[in-house]
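Reader: I have a structure open and want to go through how it is packed. Can you take my questions as they come?
Author: Go ahead.

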Amino acid sequence: MILFSHPLVSSKTPKISDFSASSSSQNDEFVLVKNKLQAVISNARGVKFIVCNNLSLAKELQSVADDYLFDSKIALIVENDEELSSAIDARIDAVICENF
């Protein structure tokens, strides 16, 4: 698992952009999506990390990413160690720690 912004790990704080159907910017490294269609499009655009903010969606996206061999990684925004532990159990690729 890749950890971003955890107080015990040295890492960059990601700049997260919202998904936009009208923009196909290749410069966005982290894109926040709301559903699996946006995730599939983001992967096709070459986004490095597809971000979501709930575990249920993260599990669904991780399954799609694993089945279709996405180049993108799935990242879940978490706010505490309990959510981090749940993400670990769900085998999510990465987490972005907020308000730790």
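Reader: Which residues have the most contacts inside the largest nonpolar core?
Author: Val33, Ile50, Leu61, Leu76 and Ile92, in a core of 22 residues. A nonpolar core here is a set of buried Ala, Val, Leu, Ile, Met, Phe, Trp, Tyr and Cys residues joined through side-chain atoms within 4.5 Å. Buried means under 20% relative accessible area, exposed over 50%, and partly exposed in between, with a 1.4 Å probe and protein chains only.

Reader: What supplies at least two residues of this core?
Author: S4, H2, strand S5 (73-78), helix H3 (81-89) and strand S6 (94-97) each do. The largest share, five residues, comes from H2. Helices (H or I, at least four residues) and strands (E, at least two) are DSSP runs, numbered from the N terminus.

Reader: And the provenance?
Author: This is a predicted model, where local features need pLDDT of at least 70 and side-chain atom pairs count only at pLDDT 80 or more, while totals for chains, interfaces and linings use all residues. Residues are numbered from 1 along each chain as its sequence is written, and side-chain values use heavy atoms, with hydrogens and water left out.

Reader: Back to Ile50. What is Ile50 in contact with, leaving aside neighbours within four places in sequence?
Author: Val31, Val33, Ala39, Ser42, Asn43, Leu61, Phe70, Ser72, Lys73, Ile74 and Ala75. Contact means heavy atoms within 4.5 Å.

Reader: Ser42 is on that list. Where is Ser42, and why does Ser42 count as buried?
Author: Ser42 is in helix H1. Ser42 counts as buried because its relative accessibility is 1%. Beyond four places in sequence, Ser42 contacts Phe19, Val31, Val33, Val47, Ile50 and Ser72.

Reader: Which other residues of H1 are buried?
Author: In H1 (residues 36-44), Gln38, Ala39 and Asn43 are buried along with Ser42.

Reader: What covers the buried residues of H1?
Author: The cover includes strand S3 (30-32), strand S4 (49-52) and helix H2 (55-67).
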